[in-house]
Amino acid sequence: MSSPQPMMSGELCRTYVEGLGSYDEMCHRGGGVRGHWEHMIRSLEGLGPHALRERSEETRRLLRESGVSYNVYDDPKGMNRPWELDPVPLLLPSEEWSELEVSLIQRAELLNLILADLYGPRTLIRKGLIPPELIFAHSGFLRACDGVRVPGNHQLVLYAADLARGPDGHFVVMGDRTQAPSGAGYALENRTVMTRVLPSLFRDAQVHRLALFFRTQRATLASLAPPGCEDPRIVLLTPGPRNETYFEHSYLANYLGYSLVQGSDLTVRNGRVWMKSLGGLEQVDVILRRVDDNFCDPVELREDSQLGVPGLLEAARQGRVTVVNPLGSSVLENPALAAYLPALSQHLLGQPLRLPSVPTWWCGNAKSRQHVLANLRRMAIKTISRGDAATTLFGEEMSTEQLAELRGRINARPYLYCAQEAMVLSSAPALLEDRLAPRPVLLRAFLTARDDAYIVMPGGLTRIGTEEHQQVVSSQRGAVSKDTWVLASEPEQQVSLWLQTKQQPPQFDLDGALPSRAAENLYWIGRYAERAEATIRLLRGVLSNLNEVVEFGDKNHSRTLACLLRATTTLTMTAPGFVGEGAEERLDAPEPELLSLILDGQRMGSLMFNLQTMVNNAYNVRDRISADTWRVINDIEEELHKLRNTPPLTLADAQDELDALVTALSAFSGLVMESMTREHGWIFLDAGRRLERAQLTGALLRGTLANEQEQTVEYQIMEAVLVATESRITYRRRYRSQMQVKTVLDLLLLDKTNPRGMLYQLLRLQENIDRLPGERSQYDLTPEQRLILEAVTLLQLSETNRLAQVGEGEMREGLDQLLVRSSHLLESVANVLSSRFFTHMPALHQIAPTVRRT
Amino acid sequence: MRYRITHLTAYHYADAVSLSYNEVRLRPLDSDAQVCRYSRVEIDPIPNERTETTDYFGNHVDRFALQTSHDQVSVKAISEVEVKAAGKMDLGMSLPWDEAVEVLAKGGLADHLLAREFVLETPMSRPMSELREYALASFPSGRPVLEAVHDLMERIHTDFTYDPGFSTIATPLSEVLEHKRGVCQDFAHLGIACVRSMGIPARYVSGYLETLPPPGKERLVGADASHAWFSVYCPNLGWQDFDPTNCIMPSERHITVARGRDYSDVAPLKGVLFGGGENKLSVSVDVAPLLEE
C-alpha cells in the first residue's frame, strides 16, 4: 500500500478515524484509505474545505431551485422538505458491484417465483415450504388479486432492495421493496446535481451511467401492454401532492415521458381503463403505479379509498390493462419471509441464496419465538405487515415494562411478529462543516425486469444517518442522501434515454394528452395568480393613500381612502370588511382588517389564501411546469413561509414582502408567456388569467367610478386606479395631467393595446376560446364563443363619453350597467368552460348492503 | 332435493346514478353436497360490461358496470340446485379437539395447511377473551371436535334470542355477546369466532334454507330469505356445517351459495356508485322445491 497515512492526515480527514466503529466504506480498520477511494480523497483534499463547502452550498441551491423535495408526514416544518444531498458520493468498485449484481438478480428471480406462486397454485404453502399464517395473516396478501397475471415472464417487474454492510464487510438485505419501489428518481436527480457540482471529479472517476437502466424500464413497460396494442399509452399513477415522494412521481413521469395521473383522472369503461383528457377519453394500456395496492380499487380492495380507480382490478384481471407492479405484490414486503428464503432458493432455483438477509426469526414458528423471547433485548422487533404505525422496536431501548407488554402481544398473536438481529451498519464519509466524519449508511439498489432477466441500476440511492452509530436510516427520519458511484474499469459511452430509431418517425403527441384535471389546475393557477397580483397592487395603492392620510390628515384624502378600502373589499370578495356590518369602525382603523386580508390563510379571498391555492394547484401539475418556472413557485412559497412564521405587525412592515411577491408573480407570468408552448395547457392557464383580470378590472372600475365623487376625491381615486392597473405612466404620457373619467375609461376599458385593459383581456380570451379542443361545426358557434363574442361586442359598442356621464343620484348608470352585464357574461363563460372541460364526478358511495336476513 | 331459487334485489335511487361497478355472489357453487344444475343472473338496465369469474374461495362472481345514467337497478338470480341428503354422521368419530389442534399445527397434508387460513381472525369475527371463555364450556379436554361444536351450537341456540330488529351488518360481535341477541349472520360469526378461539378452522357459509309452510297452509312465494351458517374443519373428517340459528346440521334443505372467512368475503351484492343519494332497497327470495322426476 502506498503511504496511506499522509492521505488521512489531510485537512478533511484529520479526525475521521476517531468516529470509526463498524466496517467503514472508505477506511481499512487500521485507518488506511481503501484503494478505490484514493483518487476521491486526493481530489477532495485538493479542493480544500473552503471550496468543498461552496460545492455543498451549490448542491443545496440546485436542489432547492429545482424544488426537489420529500414530504415528511406530520412535519411541523410543513410540506416539501428540501431533499438533502451530501456531495461526497458512496464509491463501489466495479468487481464488487458485479458480484452484488448477480446476487440481486438471483433474489429478484426468487421473489418473482414466490409472487407468481402465491397468487397462483400456492404450491409453496401446500408443500409446507412457507407456513400458511406467514402469508394468510399478512395484510398485503390480497385474495382479490388471486390469478391476476402480468403478461410476459415476470410478475415482479420492479424491485428494490435495501442493502447494508455488516461488520464483516458483506452486504445483507435489510428489506425488500416490491410493490412500488421509490427512490430511483431521487437517485437520478442526485446524479444530475453531482455532475454539475463536481464535474471533473465525476468525469475522471469513470462512473457507470444510469440512463440505460431507465431506457430498459421504458422498453419493459411498453412490452407489458396487453396483446395487440401497437403504441401503448403508459401513465404514472400517483396518490397526489401530499404523498411523501410526489416530487419523484412528477420527475419520473417527465423523464420517462408518461402522463402523471391521479385516480380521478382515470375511469373504467367497457372493461378498459381510460384517461379523462381534454380531447375525450384516451385508452390507457399500462399503469406504473405509486399508489399502494390496497388503495387502487374501491370496488374490490379498500372500499374507502379515494385514490383508486373503481373497476381497475377487474380490468387487470381480464388482461385489458397491465398494472406494474401487479396489485398484491406488497405480500413480499414481509420481513418474516426472509427467514424462509434460503430454503425457498434451494427449492425453486436449486441454488443457495447468494445474498443473505439480516438474520430474521418469525415468531409464528415455536422455536424461533422462543429464541426471540429469550433474546428480546438485542433484537429489532417488527410486525410482518406494514400497518399505519410501521415502527421497528429495539429491545435495547425498551424498559422492562415495555418488554413485558411486547412479550404479551407476541404470545397472543405470534404469527404477526418477527425479529431481526439488531445490526451495526457500516459507515461512509459524510461531509460536516469542514471535515469528513463516518456515518451509518444504507444503499437502495433498483432492478427492472427485461425479457427473461433482470437488470440492476449501476448505482442506487444511498442514505446516511445524521448521527454516529444510528440503527435506522430512513428519509422519514431525516436521513441525508448521497449519489452512488459504481466505478467502471474503463470509460463508458454516454447513453441517452431516448432510443434513436430510424425506421419510424417519432410520434407527435400534442400535449401528451392533457388530463382534464391538469387543464383545470392550470386554469385555476392563472386565475389565482392574477387574483393575488391584483390584490397586491390594490393594497399597495391603499397603503400609499393611508400614509398620505396620516401625513396630511385632510378630509379629501380620508374620503379617497374610504372609497379605495370599500373597493378592496368588493374586489377581494371579503365582505363584510369595509362595506358590511361593522364597516365604519374598520374604516376608521383599517390596519387590522388589511393585515388580515394579507395574512389570514383561512380567509377566502385573502392574499395568503390566493397564493396558497395557486401553489397547491401548481403542485398538482408539477410535471407540466418547467424547472425555471418552478423556481419562481419556490420563491413564492418561501415568501409565504416567511409571512407565516414572522408575520408583519404593521402594514409598513408588510411592504417589502408585497414587493417581493409582485416581482415573483410577474416573473411567473413572464416565464409562462415565454417558455410554455401554446398548447392546451397554456391556453387554459392564460384563459384563467384573462378572465380573472377582466373581472377584477371591471370590479375595480365599478367600485371606484360608478358613483360620482367630489372632484378632488375623484382625481385621487383615478390616480390610485391607474396605479393599481399599472397604467399611470401610459396615461400621463398620453393625456398629460388631464385627469378625466372619460379618458381613464378609454385606457382601461376600450384600449385594445393596453395589456391591463379590459377589452384587451376579452380579445385574448376570445383567441383562447377559439383554440380550445373539441368538435365544432363549420358555422355554429360554441356556447363559450357566443358568450365571449357578446362581451367583446358589448364593450366595443359602448362610448366612453356616455359611460362617463353622471345621471340621477350621482350615478354613472351607463358604466354601472355595462360592468354588471359584462361581469355576468364572463361568469357564464367560466361556468361553460368548467362544465365542458373539467371533470365533474358526483360523490362516490358504497352500495347499501342487501341482505334481508333470517 | 331439487330447488328453484329466485333471488331478486332492486334499488331505487332518489338521484340519478351516473356510473356504478358491482360484484354479485348469487350463483350457488358446486360441492360434494350439491350440484348447481344451472344458474343465471339477469340485470336491468342491461350492463355495458359484464364478466364471470371464480374467486379465491371458489365462489361464482358476476361483475357488471352500468355506465349510463339510471335511477333503479334490479338483479335477479335464478338457479336450480340439487342437494344430496347427507348420511348420518357420527360426530364421535371426529378427532378430540385438542388433538386436532396439534395435527393441524404439524401441517403435513396440504388440506390441513390450507385450512389454517380459517383459524385466523377477521374483522367481522374478532376473537375476544370473553368469547373463548364462552366457548370453553363446550370444549373439555379430549372431546371429539364435532361433538364440541355441536354442543356449542346448541348453547348458542338456547342462550341467544333471535331478534331481527337488534343488529345490522355493522354490529360488532361484542354487542351480540353482551345482549345475547341477533340474527343468522351474527350467530354464524359468533360460532366462527368461538371455534377459531379454540384453534380450530371455521368458515362462513351463505345460502338459503327451504322454509316449510305452517301445516295446512300454502307455501308463500317470495317470502323466503338469505340465510347464513358456519362450517368447521376436522382433520380426519373434513368440513362439516352447523346452523346455530335453527340448531341443526344442514342437510337437504340448506342450499349453499358461497363460502369465505366471514360475511365480507361472500356479500351477495357490493360495489360503488357515483351519485344516487338516498336509496330504497327491496329484496325477495323464493326457494321452490321441485318435484323429483
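The model is predicted. Chain B gives 42 residues to its contact with chain A, and chain A gives 34 residues. Chain A is divided into two domains, domain 1 (70–358 + 423–487) and domain 2 (690–774 + 782–841). Chain B is likewise divided into domain 1 (2–84 + 267–290) and domain 2 (91–250).

**Contact between chains A and B**

- The contact is made by 34 residues from chain A and 42 residues from chain B.
- On the chain B side, at least two residues each come from strand 1 (2–24), strand 3 (49–54), strand 4 (60–66), strand 9 (226–234), strand 12 (269–275) and strand 13 (279–290), and also from helix 2 (110–115) and helix 6 (184–197).
- Strand 12 of chain B gives the most to this side, with 7 residues.
- Sorted by class, the side of chain B that touches chain A holds 20 nonpolar, 16 polar and 6 charged residues.
- Strand 12 of chain B also pairs with strand 22 (residues 844–846) of chain A, in the antiparallel sense and over 3 bridges.
- Within this pairing, B:Leu273 in strand 12 of chain B stands opposite A:His845.

**Domains of chain B**

- The centres of domain 1 and domain 2 of chain B, taken over C-alpha atoms, are separated by 26 Å.
- Domain 1 of chain B puts 8 residues into the contact between them, and domain 2 of chain B puts in 7 residues.
- On the side of domain 1 of chain B that touches domain 2 of chain B, strand 1 and strand 13 of chain B are the elements that give two or more residues.
- Strand 13 of chain B supplies the largest share of that side, 5 residues.
- That side of domain 1 of chain B consists of 6 nonpolar, 1 polar and 1 charged residues.

**Domains of chain A**

- Between the centres of domain 1 and domain 2 of chain A, taken over C-alpha atoms, there are 54 Å.
- The two domains of chain A touch through 4 residues of domain 1 and 4 residues of domain 2.
- The side of domain 1 of chain A that touches domain 2 of chain A has 1 nonpolar, 2 polar and 1 charged residues.

**Helix 8 of chain A**

- Helix 8 (residues 211–223) of chain A has 13 residues, and its first and last C-alpha atoms are 18 Å apart, close to the 18 Å expected at 1.5 Å a residue.
- Its buried residues are A:Phe213, A:Phe214, A:Gln217, A:Thr220 and A:Leu221.
- These residues lie on the same side of helix 8 of chain A, because they cover an arc of only 120° around the axis.
- The elements of chain A against which the buried residues of helix 8 pack are strand 6 (234–237), helix 9 (246–256), strand 11 (286–289), strand 12 (322–324), strand 18 (436–450) and strand 19 (453–456).

**Helix 4 of chain B**

- Helix 4 (residues 145–159) of chain B has 15 residues, which should span 21 Å at 1.5 Å a residue; its end C-alpha atoms are 21 Å apart, in agreement.
- B:Val145, B:Leu146, B:Ala148, B:Val149, B:Leu152, B:Met153 and B:Ile156 are buried in helix 4 of chain B.
- Their arc around the axis is only 155°, so they sit on the same side of helix 4 of chain B.
- The cover over the buried residues of helix 4 of chain B includes helix 1 (97–106), helix 3 (129–136), helix 6, strand 9 and strand 10 (238–242) of chain B.

**A four-stranded sheet in chain A**

- An open sheet of 4 strands in chain A has the order 13-16-14-15 and antiparallel pairing.
- Strand 13 (360–362) and strand 15 (393–394) of chain A are its edge strands, each pairing on one side only.
- Strand 14 (residues 379–383) and strand 15 of chain A run antiparallel and are joined by 2 bridges.
- A:Ile381 has A:Leu393, in strand 15 of chain A, as its bridge partner.

**A:Arg764**

- A:Arg764 belongs to helix 25 (residues 758–770) of chain A.
- A:Arg764 is partly exposed, as 18 other C-beta atoms lie within 10 Å.
- Leaving out residues up to four places away in sequence, A:Arg764 touches A:Asp686 and A:Arg690.
- A:Arg690 is 74 residues from A:Arg764 along the chain, and their C-alpha atoms are separated by 7.0 Å.

Terms used:
Residues numbered from 1 in each chain as written. Chains lettered and ligands numbered in written order. Predicted model: local features only at pLDDT ≥ 70, side-chain atom pairs only at ≥ 80, totals over all residues. Nonpolar A, V, L, I, M, F, W, Y, C, P; charged D, E, K, R; others polar. Pairing = 2+ DSSP bridges. Expected span 1.5 Å × (residues − 1). Buried ≥ 20, exposed ≤ 12 C-beta atoms within 10 Å, placed from the backbone. Arc of directions from axis to C-beta. Domains from an automatic or database assignment.
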